[in-house]
Amino acid sequence: MSEEATSHPLKKAKHQRLALVVVAVIVLVAAALIATWALRNQASFFYVPSEIVSDPPPAGQAVRLGGMVEAGSLVTKPDGVTIDFVVGDGDARVPVEYKGIVPDLFQEGSGVVAEGRMLANGTFRADTLLAKHDENYIPRELQDMTAAQKQAAIEETTK
Amino acid sequence: MHGFANPKRFLTIARPLTPALLVLGSLLLCASLTYGLFVAPAERLQGETVRILFVHVPAAWLGMAGWSVIAMASIAEIVWRHPLAAIAGRAAAVPGALFTAICLATGSLWGRPAWGTWWEWDGRLTSMLVLLFLYFGYIALAGATAREGVSSRISAIFGIVGVINVPVIHYSVLWWYSIHQPPSLSMGKSAMAPEFLWPLLAATLGFSLIFSAVVLMRMRALLADAQAEARLRRKALDSDRGSAQGDW
């Protein structure tokens with residue numbers, strides 16, 4: 001009986017605190033969303049080719065360019081350490097030149113992040129190349145399969 | 001749920017649950033890591049370094065899950081004022097910080113051969129580092145302001161505010177162009193071959209069971225600490241009274 005009488009004000013305080021926490025969490029989430037929205041361009045690690053093409057950075061300014069190394073675009077110069085390739089994102093393409101050792105995962109059809117600067121002639125000169133791995137994890141054995149088997153196995157995995 | 005919030009009832013459940021979780025988690029972890037490190041095939045592009053996955057992903061998951069536990073415990077503490085919630089938050093902080101550090105270290109070891117860099121100030125990497133610093137802040141704050149093993153309200157508020165970083169970590173690779181690959185697993189879809197997927201899921205479960213066992217152990221230790229402190233205080237009070245009477 002007496003518990004009934006005392007539990008009401010306690011319950012009320014509990015509800016008030018619950019409401020306060022819920023409001024605080026909503027405000028926090030809204031603040032975080034607004035902050036990340038404001039950051040959305042600045043917080044990206046690199047620019048994609050369509051951004052570079054539509055809004056080119058000033059020649060000589062250090063930027064990162066990321067995208068896919070287009071199949072068939074990779075050319076090794078006669079000196080053996082200088083390479084040319086094209087980075088594309090499906091919409092735009094940027095030719096890149098680089099001199100140095102490439103990471104193991106760097107190859108045609110795969111992702112790459114190049115650090116460097118645009119030259120006046122529209123070529124990107126990279127000082128550093130980083131390879132980008134995609135979300136697909138495929139065993140090496142698949143390499144020994146025929147193209148059709150490989151495709152079937154990959155589709156089985158990624159569907 | 002309210003029944004388990006009673007420290008005595010909690011102990012009767014936690015005592016047998018701790019070794020059970022520990023044994024089950026260790027068995028699962030041994031099996032999955034043995035398979036992952038020695039039997040699983042090399043990956044098409046990454047080669048042998050793909051094996052780091054079986055430690056890196058569970059560590060990342062537990063680093064984020066650890067802070068989620070802190071946040072839920074903090075809300076329970078502020079709304080229901082229950083000391084066990086505060087103890088749960090403090091108990092999850094140290095293992096959470098450890099797994100976050102493991103995630104950063106293994107990620108760095110993988111990044112050097114795969115990407116060609118130990119570290120980049122990328123959205124995913126940076127937000128994970130921020131999580132580690134948040135853990136350090138929480139541990140210092142909760143430790144400094146704890147009374148009789150119960151953490152203060154200020155650390156509970158810190159725990160709730162810090163949880164904002166958890167979705168930022170998760171979505172960092174989707175919102176922003178990132179060097180880090182997007183998640184391979186999402187809502188019933190897997191971009192991972194079963195040879196990698198199953199040991200990864202088993203290792204994640206194994207690490208999680210061990211994490212839960214460690215949190216329970218730490219909760220019991222913090223509870224025992226609080227009881228010992230309360231007993232000492234009572235004793236000191238009694239002997240004060242005794243000597244005062246003697247002087248009288």
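**Notes on the predicted model**

1. Helices H3(B) and H4(B) pack with their axes 9 Å apart, at an angle of about 150°. Angles over 145 degrees count as roughly antiparallel, and H3(B) and H4(B) are therefore roughly antiparallel to each other. Their crossing is left-handed. Please keep in mind throughout that this is a predicted model.

2. On the H3(B) side, the residues that make this contact include B:Arg90, B:Ala93, B:Val94, B:Gly96, B:Ala97 and B:Thr100. On the H4(B) side, they include B:Met128, B:Leu132, B:Tyr135, B:Phe136, B:Ile139 and B:Ala142. By class, the residues of the contact of H3(B) with H4(B) comprise 15 nonpolar, two polar and one charged.

3. B:Gly96 counts as buried because it has 27 C-beta neighbours inside 10 Å, where 20 or more are needed. Setting aside neighbours within four places in sequence, B:Gly96 is in contact with B:Leu62, B:Gly63, B:Gly66, B:Trp67 and B:Tyr135. B:Leu62 is 34 residues away along the chain, yet the C-alpha atoms of B:Gly96 and B:Leu62 are separated by 6.3 Å.

4. H4(B), residues 123-145, also meets helix H5(B), residues 153-162: the two axes come within 9 Å and cross at roughly 165°. H4(B) and H5(B) are therefore roughly antiparallel to each other. H4(B) passes H5(B) in a left-handed crossing. From H4(B), the residues involved are B:Leu134, B:Gly137, B:Tyr138, B:Leu141, B:Ala142 and B:Thr145, and they meet B:Ile154, B:Ser155, B:Phe158, B:Gly159 and B:Gly162 of H5(B). The residues of this contact divide into six nonpolar, five polar and no charged.

5. Turning to chain A, the model has three helices and six strands there. Along the sequence they follow the pattern α-α-β-β-β-β-β-β-α. Chain A has 159 residues, of which 23% count as buried. Among contacts in chain A with a separation of 6 or more, 45% are between residues 24 or more positions apart.

6. Strands S3(A), residues 82-88, and S4(A) pair in the antiparallel sense over seven bridges. One bridge partner in S4(A) is A:Lys99, which pairs with A:Thr82. The two strands form a hairpin with four residues between them, and A:Gly90 in the turn has a positive phi of about 95°.

7. S4(A) is also joined to S6(A) by three bridges, and these two strands run parallel. Here A:Val96 stands opposite A:Phe124 of S6(A). Which residues of S4(A) are on its covered face, and which on its uncovered one? A:Val94, A:Val96 and A:Tyr98 are on the covered face, while A:Arg93, A:Pro95, A:Glu97 and A:Lys99 are on the uncovered one.

8. Last, the contact between the chains: chain A contributes 36 residues and chain B 37 residues. On the side of chain A that touches chain B, helix H1 (2-39), strand S6 (124-132) and helix H3 (147-158) each supply at least two residues. H1(A) gives the largest share, eight residues. By class, this side of chain A has 19 nonpolar, eight polar and nine charged residues.

Conventions: Residues numbered from 1 in each chain as written. Chains lettered and ligands numbered in written order. Predicted model: local features only at pLDDT ≥ 70, side-chain atom pairs only at ≥ 80, totals over all residues. Contact = placed C-beta atoms within 7 Å. Nonpolar A, V, L, I, M, F, W, Y, C, P; charged D, E, K, R; others polar. Buried ≥ 20, exposed ≤ 12 C-beta atoms within 10 Å, placed from the backbone. Pairing = 2+ DSSP bridges. Axes fitted to C-alpha atoms, helices over the stretch in contact; angles between N-to-C directions. Parallel < 35°, antiparallel > 145°, perpendicular 65-115°, else oblique. Left-handed = near helix turned anticlockwise from the far one by under 90°.
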